[in-house]
Amino acid sequence: MAANAKSGGRELKFSLCMIVKDEEGVLERCLESAEGLADEIVVADTGSADRTREIAAKYTDKIFSFAWTDDFSAARNFSFSKGSGDYLFWLDADDVIPPPSRDAFFRLKERLSALPESALPDTILCPYDAGADCTYLRERFVRRASFSGWQGCVHECITPGNKTEISDFRVGHRPAEKSRGSRNLDIYRKNIARGYAMNARDKYYYGRELYYNALYTEAAAMLREMLADPAGWAVNKIDACRILARCRIAAGKREEGYEALFHSLSFGEPRAGALNEIADLFAGDSRPREAIWWYSAALNCRSHAADGDFESPFDLSLRPLLGLTVCLWETGDKAGAVDAHRRAAALFPDHPAVRFNAEFFHARGIL
């Protein structure tokens, strides 16, 4: 059974609310990792044809059917409507809660138990390890009394409430091998055809989906529209510039790629990812000295993960160090190249690129 937490003389309840469809390959792993944390588990099934419901029934009797409407927010809002806890939280079927996060969960409950009702946070953001090279904050817990609803037919989100805090409770995304293909793009297009009015955030994510499906001209047009929208979030605009640059480069317009990346600097403090991509362009254009400057700048950036960025830790360390190793060598600075390599090797000794460079230097009697 889940541990109890008290606030204002009463027990706090936590409800895990999920949406699923045909997830027999990963659902048990997810629910096993979450067992004993939530006071109740709510599962909204959107039309499974496999053993998903059977697996869910091992962990909860709160299993509901929801007719899929090509709208992730609608499904999530339905699942949240069935939760009775003081706090509602979510997992995808291909997420897992690593063992250390179980302690973090109970620490969170214990700390909240010491707060008066008026001081309870509306939204709690938590690190989401979406991949080996990508961690960002997601709204993981929301107070039911102040829940305003999920928004967005794809890449749905909850607008944070007035009182927001960050927890060290982490969730890891461990997707199955099944391909999503053009699913998200198709959902956007169906909703647009029905008259769905996209806000700036939708334009950003729709532009990304167009890019992922190699529709570079359409993606570029949508991302430019998003960048011109005053309601767009700065962190999304910075990333939109990076994706726009890739679209222009894919179309053979490298100068416009430079322009898009430089435009990202107008929206806030420089991000290491954008600086690395500028450096990559200079390096690809046989301009290693300029590339060195930008790789060095990337290496000196701070992390912006807490600001909501989709930021790879490699962009802050390994990527610029590998770039510096190559470019310093090309300019004749062998000592500098070796130093950059050694710094990379100290952090990522088993990375294939680091091993390749080690063999390169060894073959020349340098290391």
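Q: Is Ser286 buried or exposed?
A: Relative accessible area decides this, and a residue counts as exposed over 50%. This is a predicted model, and in it Ser286 reaches 63% relative accessibility, so Ser286 counts as exposed. Ser286 is in the loop between α10 (272–284) and α11 (288–299).

Q: What is the phi of Ser286?
A: Most residues other than glycine have a negative phi. Ser286 is not a glycine, yet its phi is positive, at about 55 degrees.

Q: Which value does phi take in His155?
A: His155 is another non-glycine residue with a positive phi, here near 50 degrees. His155 sits in the loop between β10 and β11 (157–158). With a relative accessibility of 22%, His155 is classed as partly exposed.

Q: Where does Thr217 lie, and how far is Thr217 from Cys157 in space?
A: Separation along the chain and separation in space are read as two values. Thr217 belongs to helix α7 (residues 216–227) and is exposed, at 65% relative accessible area. Between Thr217 and Cys157 there are 60 residues in sequence and 27 Å in space, C-alpha to C-alpha.

Q: What separates the C-alpha atoms of Ser84 and Val42?
A: The distance is 9.5 Å, for two residues 42 places apart along the chain. Ser84 is located in the loop between α3 and β6 (87–90). Its relative accessible area of 33% makes Ser84 partly exposed.

Q: Which residues does Ser84 touch, not counting residues up to four places away in sequence?
A: Contact means heavy atoms within 4.5 Å. By that reading, Ser84 touches Lys13, Ser15, Glu40 and Arg144.

Q: Is His341 buried or exposed, and which residues is His341 in contact with, leaving aside neighbours within four places in sequence?
A: His341 is buried, with 4% relative accessible area. It is part of helix α13 (residues 334–347). Apart from its neighbours within four places in sequence, His341 is in contact with Thr325, Val354, Asn357, Ala358, Phe361 and Leu367.

Q: How many aromatic pairs does a search of the whole structure find?
A: The search finds 31 aromatic pairs. One of them joins Trp68 and Phe72, with 4.9 Å centre to centre and 70 degrees between the planes, an edge-to-face arrangement. Trp68 is partly exposed at 32% relative accessible area, whereas Phe72 is buried at 14%.

Q: How do Phe80 and Phe147 pair, and what is the angle between the planes?
A: Their pair is tilted, with 40 degrees between the planes and 5.1 Å centre to centre. Phe80 lies in helix α3 (residues 72–81) and Phe147 in the loop between β9 (134–143) and β10 (150–151), so the pair ties together parts that are 67 residues apart in sequence. Phe80 is buried, with a relative accessible area of 3%, while Phe147 is partly exposed at 22%.

Q: Which residues form one aromatic cluster with Phe80 and Phe147?
A: The cluster also includes Trp90, Tyr128, Tyr136, Trp150, Tyr204, Tyr205 and Phe310.

Q: Turning to the whole chain, how many helices and strands does the protein have?
A: The secondary structure comes to 14 helices and 13 strands. The radius of gyration is 23 Å, close to the 21 Å that the globule rule gives for 367 residues, so the protein is as compact as a globular protein of that length. Along the principal axes, the C-alpha atoms fill a box of roughly 70 × 50 × 45 Å.

Q: What share of the residues is buried, and what share of contacts joins residues at least 24 apart?
A: Buried residues account for 50% of the 367 residues. Among contacts between residues at least 6 apart in sequence, 67% join residues at least 24 apart.

Note on methods: Residues are numbered from 1 along each chain as its sequence is written. This is a predicted model: local features need pLDDT of at least 70, side-chain atom pairs count only at pLDDT 80 or more; totals for chains, interfaces and linings use all residues. Side-chain values use heavy atoms; hydrogens and water are left out. Helices (H or I, at least four residues) and strands (E, at least two) are DSSP runs, numbered from the N terminus. The radius of gyration is taken over C-alpha atoms; the globule rule is 2.2 Å times the number of residues to the power 0.38. Buried means under 20% relative accessible area, exposed over 50%, partly exposed in between (1.4 Å probe, protein chains only). Rings of Phe, Tyr and Trp (its six-membered ring) pair if their centres lie within 6.5 Å; planes under 30 degrees apart count as stacked, over 60 as edge-to-face and the rest as tilted.
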